[in-house]
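Please keep the sequence and the structure in view while reading.

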Amino acid sequence: MSPTLAEEGLTIPDAPSEPGEFERSLRATRESGRKLLVAYVTGGLHDEWPDVVRAVADAGADAIEIGIPFSDPVMDGPVIQEASELALRDGASPVTVLDTLRTIDAGVPLAVMTYYNLAFHMGHERFASLMYEAGVRAAILPDLPLEEVGPWATAADPAGIETVMLAAPTAPDDRLPRVVARSRGFVYAVGLLGVTGERDALAESSLVIARRLKAITDKPVLVGVGVSNGQQAAEVSQVADGCVIGSALMRRVVEGEGPAGAGAFIAEVRAALDAS
Amino acid sequence: MSLPEPSSSGRFGEFGGRYVPETLVPACQELEAAFREAWADQSFRDELDGLLADYAGRPSPITECHRLSAELGVRVLLKREDLNHTGSHKINNVLGQALLAKRMGKTRLVAETGAGQHGVASATAAALMGMECKVFMGEVDMERQALNVFRMRLLGAEVVPAMSGSRTLKDAVNEAMRDWVATVENTHYCLGSVMGPHPYPWMVREFHTVIGKESREQCAKLLDNEIPDVVTACVGGGSNAIGIFSGFADTTAELVGVEPAGGAAVGRGVPGVVHGMKSYLMQDEFGQVQEAHSISAGLDYPGVGPEHSHLSSIGRARYEQVTDDEVIAAFQLLSRTEGIIPALEPAHALAWISRDRAKLAGKTVLLNMSGRGDKDVGQMMEILG
């Protein structure tokens, strides 16, 4: 007989019924009538990255995802791959990124986006508590799907780290509610079939997944992957509560536009969202 | 069956699992169900067996190496997977997966390749079955295995360089997974080894158990119903090794996997998660995956299939390491004594036998000759001058 998930130590704990700090902040913003904008910044990319975080916060991001670079980012397209590689070459590690993060007073909630092996290698409890001490309140681990999230969530929930789950267009109707139930902070709606990166037009699939999610949850639903500019952000936020912008922002940073360019871009997206 | 099925979560002991982006979870579940159903369907098995016999040329023979054995003082038997169509064991798995993909209604295969053997096999199966095929190959490997790149293109496949990271097998897997995330509706990821997310390590093993099954029967005849003392094979991801081990797991034969010293996941790694699986993995102090370095593009991989991690942790198999120089010597030794030019990958297993010949004196060792050396002749010509 094959052992059960419990016997394998893989039981998935129910998410705490009360929203955490990160989610409460997004809910409050949503209730104020504002569309939510989450910006992704690769931690450790050039010495100026803390200034990029501050600039993006000042320009109107409601929360910021800090990418801790990983050697094999399978969910990321060319821009974030390059940003990660450059940051790793500059010596970025989970410890240096989180240490620096303590010194940044961005004034908005922070999440970490990285890949599971960094958490697994350091140990779930230690990784979660290091994040918390650095001011991080949520984690996005794109290679840790529902079936594998148990051991991590068991450590992260009591440590005050809200684990954001991804909901993909490929999920059948009976799967989405389970993903949503386990998601904390917000629900990350994957806008299209593919990896992170800019696209010329908003994919129809991003509206479809947003609609499917909005129909089953009142947790904040944010669309990420393939949301590339203010116009697309506004379009998708007609259905969703907001969006995540990553590659479009990081391309500007990789191309040397610096904190000023990053801030200007996010201000542009913010304005488009507010006007919609 | 001599090697058990993984658990319902796809684990062999603590290793394995399904660590993939959410987008791919339904595809992995669908693949698992389709494989389970096909593998229990006699008509699928018959069709595959027919292809393995009439197209790939199975069964492959076992060759007793008289001159080599005399030189080493060890009785060496070779399971001749190098004689299969496309020149390696890879065809067993690829024919199985392509048939399954077709049965699932997929029209396109995407694959990764290191030395090019799996890429060539995938391109071959795609040509045979009228499917589209795209193969990702590290830029570095495309240079050292230019002949296989040309072969794949002749067979109608598109070959795309993986330009990120170490630009070898590890990065080709990343690119193939990224392609699959975007194309999962019409595409099957034809993974080339016993690695990746569940059900791949199990499914690919099952497609290679034909090696072990044939070897067991052939050894029974050759050795008068005795079994070999040692069964050995090279290990990168570990598909040819698990294939031959599967035939002897329930015997007293010692199972020995041989890794390149520069890519020894079992020998030098610690448990980690990459490419959809938990397994031994070469990584730095923070969990960043390290680049492997091996003369053999096919073994230039920092991880290993999860079942090998399990077999090592329970002590059923052990894993040795050999250096590039030992491999070069073994490559020449087999060519000179037996008239068989091996691929650099199985030359690793021979290098171990040669180095440990004093300990192995008088024993019978079955080695999986997983591929032929044609693809490596150019590289060896440069090394040997």
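A residue is called buried if 20 or more other C-beta atoms lie within 10 Å of its own, exposed if 12 or fewer do, and partly exposed in between, with C-beta atoms placed from the backbone. The model is predicted: local features need pLDDT of at least 70, side-chain atom pairs count only at pLDDT 80 or more, and totals for chains, interfaces and linings use all residues. Residues are numbered from 1 along each chain as its sequence is written, while chains are lettered from A and ligands numbered from 1 in the order in which they are written.

**Chain B as a whole**

Chain B contains 15 helices and 14 strands; helices (H or I, at least four residues) and strands (E, at least two) are DSSP runs numbered from the N terminus. The C-alpha trace of chain B spans about 55 × 45 × 40 Å along its principal axes.

Of the 385 residues of chain B, 64% count as buried. Two residues are in contact if their C-beta atoms, placed from the backbone, lie within 7 Å. Among contacts in chain B between residues at least 6 apart in sequence, 75% join residues at least 24 apart.

An unreviewed UniProt entry lists residues 56-371 of chain B as "domain: Tryptophan synthase beta chain-like PALP". UniProt positions are given in the numbering used here, feature names are shortened, and annotations may be inferred rather than shown by experiment. The span is 42% helix and 21% strand, and its end C-alpha atoms lie 13 Å apart.

**Backbone features of chain B**

Most residues other than glycine have a negative phi, and most peptide bonds are trans.

| Site | Feature | Value |
|---|---|---|
| B:Arg58 to B:Pro59 | cis peptide bond | omega near 0° |
| B:His198 to B:Pro199 | cis peptide bond | omega about 15° |
| B:Arg167 | positive phi | phi near 55° |
| B:Asp224 | positive phi | phi near 60° |

B:Pro59 lies in the loop between helix H2 (42-54) and strand E3 (62-64) of chain B. B:Pro199 is in the loop between strand E8 (187-189) and helix H9 (200-222) of chain B. The loop between H9 and strand E9 (230-234) of chain B holds B:Asp224, which is exposed, with 7 other C-beta atoms within 10 Å. B:Arg167 lies in the loop between strand E7 (158-162) and helix H8 (169-183) of chain B. B:Arg167 counts as partly exposed because it has 19 C-beta neighbours inside 10 Å.

**Helix H2 of chain A**

In chain A, the buried residues of helix H2 (residues 49-58) include A:Trp49, A:Val52, A:Val53 and A:Val56. The buried residues of H2(A) pack against strand E1 (36-42), strand E2 (63-67), helix H11 (247-254) and helix H12 (258-275) of chain A. A:Gly60 follows H2(A) and has a positive phi, near 115°.

**Where the chains touch**

How many residues of chain A are in contact with chain B? There are 37 residues of chain A in contact with 32 residues of chain B. Helix H3 (78-89), helix H5 (116-122) and strand E5 (162-167) of chain A each supply at least two residues of the side of chain A that touches chain B. The largest share of that side, six residues, comes from H5(A).
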